[in-house]
Amino acid sequence: MEGIHIMKLKVPFNLVQGTQPLLLSPMYSKDEKNILEYGVMHDDINLIFNTVCELLEIPEWLPYELKIACIYKIREISFGGDLTLRYKCPKCGRLTESITMLDNLLEWNSTQQLPKELSELKLKKNNLEEIFKFNISNAFEYFEGVPTPRTITDASKYAIALRSKIPSIKRTVDCKCFFCLSIRKINITNKKFIIDSLSEQTALTMIKQYNALAMNGFTKHDTDSMLPFEREVHAKLFKDRTESMTPTKEKYHGKME
């Protein structure tokens, strides 16, 4: 709701080894609803993705893959790390459901067998934004107590040492069909998949949920300020209470006899 400030929780996310963590906020109902509504109004997936990053306060200077890592981290602290996928199995052809985990997606470069003197270098600069401005010629400036390189080869070693502290993100996760147990690889760096993973609701069901909460005494600001799981719990409680108070057909006929 415009004009109303929501005090947001801040969760540290250690994105690069040896630097200050990013502080990320979970996605509140207001954010989730805005993303859903924006997706209905626009079909440009790049525009939607950039807007999602802005709404979730993802730093613009981060590389694309690490923006994805932040989005999934926000999803994890908002909903939990498990994501339910419903799809048609390409092997058995049946509609199936699979749960995949979207936590622990970062991978540090283990292919570079760095010598001990490089792997143990300590960073002098611990500001994330500065780290991502590095290039091969000045990588040595980011480490404590190292000499100025005299050759391109020396400079390259420092660049490799710095890159080893910057993770990449897994590009795929495996989903197992509930019926035939076949494995399907899902590309989790696809922008549409990323956006779709941020909510199991549609814009319409979200509006209905807001309306149901309003009918039970919650203001729009109350709902905007809820974490997704809080909103889901309240909505389920209201639904259960309504169903328990509604007479079934059998009860109604029993009273008439």
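This is a predicted model: local features need pLDDT of at least 70, side-chain atom pairs count only at pLDDT 80 or more; totals for chains, interfaces and linings use all residues.

## The cavity

There is one cavity of 30 Å³ or more in the structure. A cavity here is a set of points, on a 1 Å grid over the protein atoms alone, where a 1.4 Å probe fits but cannot get out; lining residues have an atom within 4 Å of a point. The largest cavity comes to about 40 Å³, a volume being the space filled by probe spheres set on the points, with grid points joined across faces, edges and corners.

Around the largest cavity sit Lys8, Ser25, Pro26, Met27, Asp31, Leu55, Leu56 and Glu57. Sorted by class, that makes four nonpolar, one polar and three charged. For the classes, Ala, Val, Leu, Ile, Met, Phe, Trp, Tyr, Cys and Pro count as nonpolar, Asp, Glu, Lys and Arg as charged, and the others, Gly among them, as polar.

Residues are numbered from 1 along each chain as its sequence is written, and side-chain values use heavy atoms, with hydrogens and water left out.

The protein chain averages a pLDDT (the predictor's confidence in each residue, from 0 to 100) of 86, and 90% of the residues score at least 70. Helices (H or I, at least four residues) and strands (E, at least two) are DSSP runs, numbered from the N terminus.

## Helix H2

Which residues of H2 are buried? They are Ile48, Phe49, Thr51, Val52 and Cys53, where buried means under 20% relative accessible area, with exposed over 50% and partly exposed in between (1.4 Å probe, protein chains only). Their cover includes H1, helix H3 (64-79) and H7.

At the start of H2, a side-chain oxygen of Asp44 comes to within 3.0 Å of the backbone nitrogen of Asn46.

## Thr84 in its strand

Thr84 belongs to strand E3 (residues 82-88). Thr84 counts as buried because its relative accessible area is 18%. Neighbours within four places in sequence aside, Thr84 is in contact (heavy atoms within 4.5 Å) with Glu97, Ser98, Ile99 and Glu200.

Technical notes:
On a 1 Å grid over the protein atoms alone, a cavity is a set of points where a 1.4 Å probe fits but cannot get out, and a pocket is an open set with protein on both sides within 12 Å along at least five of seven lines; lining residues have an atom within 4 Å of a point. A polar contact is a pair of N or O atoms within 3.5 Å; within protein, one must be able to donate a hydrogen and the other to accept it, and residues adjacent in sequence count only if both atoms are side-chain atoms.
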